[in-house]
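Dear colleague,

Please find below the structure that I am handing over to you. My notes on it follow directly after.

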Amino acid sequence: MSTEKVEIFDTTLRDGEQVPGCKLNTQQKLKIAARLDELGVDVIEAGFPVSSPGDFQSVTEISKLVKNAAVCGLTRAVKKDIEVAAEALQYARKPRIHTGIGTSDSHIKYKFNSSRSEIIDRAAEAVAYAKKYVDDVEFYAEDAGRTDNEFLAKVCAEVVKAGATVLNIPDTTGYCLPEDYGRKIKFLKDHVPGIENVIISCHCHNDLGLATANAISGVANGARQIECTINGIGERAGNTSLEEVVMILRQHPTLNLNTNINPKLLFDTSKMVSREMGMYVQPNKAIVGANAFAHSSGIHQDGVIKNRETYEIIDPADVGVTESAIVLTARSGRAALAYKAKKMGYNLTKLELDVVYHEFLNFADQKKEVADTDIHTIMEIYRKNTRAIA
């Protein structure tokens, strides 16, 4: 069965860089942008050009550097923002302006002190103005997750008429449940004239830990772009994780969706972004965390040693990890000890393993983890005890 492509829009350098303490200089941004281009992302959101001279320079230099992906600059629905973004993107092979405005009643009342009709007018005017500078204009309906679907459809209809090529439907506050977000995407597919000619994009935040689930629900209901970041970094609790959505689509062929991402670069890219931003990746982070392919339970270790697929649905090599990790702890069993001992040059008989395992447990109770080099110490204790008995 043929598959449809889901475009990957990476906002590590814009939304991801908004994380406190993660500010990047231009050279660091260029380094990450080059890797994202190599990774195979379709769109790189390089920054918010009007926000600072440094961001303007970074977007300009990234536009010159990137060879394959579209380069995107964020703006508000403000003419000056759009003009500055267009200037910063002038060297891009495939420039995109990403403009928009809040559409929820909360944003309309408290952020803009405006009305629904005025918001629709401002949205359409911003898209039409951006269209004077670039062919590819993405519109974001900020806080779409909490926006009434009927009104959201009206906004989308007007910006499509104004020339938008992509409709970004952000769950800005991470509020939506996956079924609600999926229904929202389907509602727009069914009620916005001309929507068949544009791409619907999912931009989901992780305040309730649902960003990835919401993005997958979105594409399952017709969206064809996911906005995400390396390691899921971003405002507050972060954004949809690039590595997670890419591997979900890869591991579930029944979705009939694919991406252009080279998964073998995921782990190394994760480490690069973590290093450049000084942003620690939690060990139990899916796909790229230090423990993502590590096993310390004796039952799990025994299964993985016999056949990796008993406890791993992803081959570590597919995402650039050398191999699964068998971590020796007091919870490990004989199979794991024998496996590790053999790697260290000790081929133990069953009788020897029974005795060595007893020494291993005594040793393991004193340490959180038993390193490979500790096996030499354990074997030396075993040999001394054996000589003493003899």
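Helices (H or I, at least four residues) and strands (E, at least two) are DSSP runs, numbered from the N terminus. This is a predicted model, in which local features need pLDDT of at least 70 and side-chain atom pairs count only at pLDDT 80 or more, while totals for chains, interfaces and linings use all residues. Residues are numbered from 1 along each chain as its sequence is written, and side-chain values use heavy atoms, with hydrogens and water left out.

The C-alpha trace spans about 90 × 40 × 40 Å along its principal axes. Of the contacts with a separation of 6 or more, 73% are between residues 24 or more positions apart.

Eight strands close into a barrel with parallel pairing, in the order S2-S3-S4-S5-S6-S7-S8-S9. From one strand to the next the twist averages 25°. Two strands pair if DSSP finds at least two bridges between them. Strand S3 (residues 43-47) is joined to S4 by 4 bridges, and Glu45 has Cys72 as its bridge partner in S4. Strand S4 (residues 70-74) is in turn joined to S5 by 4 bridges, with Arg96 of S5 as the bridge partner of Cys72. In strand S5 (residues 95-102), 7 of the 8 residues are buried.

How do the helices pack? The axes of H2 (residues 53-65) and H3 (residues 79-88) come within 8 Å and cross at roughly 40°. H2 is therefore oblique to H3; angles under 35 degrees count as roughly parallel, over 145 as roughly antiparallel, 65 to 115 as roughly perpendicular and the rest as oblique. Axes are lines fitted to C-alpha atoms, for helices over the stretch in contact, and angles run from 0 to 180 degrees between N-to-C directions. Phe56, Val59, Thr60 and Ser63 of H2 meet Val84, Glu87 and Ala88 of H3.

Helix H7 (residues 178-191) has buried residues including Tyr181, Ile185, Phe187 and Leu188. Their cover includes helix H6 (149-162), strand S7 (166-171), strand S8 (199-204) and helix H8 (211-220). Helix H9 (residues 242-251) lies across strands S2 (7-10) and S9 (225-228), at about 170° to S2.

Two asparagines deserve a note on backbone geometry. Asn113 has a positive phi of about 45°; this residue lies in the loop between H4 (105-111) and H5 (116-131) and is exposed, with a relative accessible area of 70%. Asn256, with a positive phi of about 60°, is found in the loop between H9 and strand S10 (257-258).

Yours sincerely

Technical notes: Contact means heavy atoms within 4.5 Å. Buried means under 20% relative accessible area, exposed over 50%, partly exposed in between (1.4 Å probe, protein chains only).
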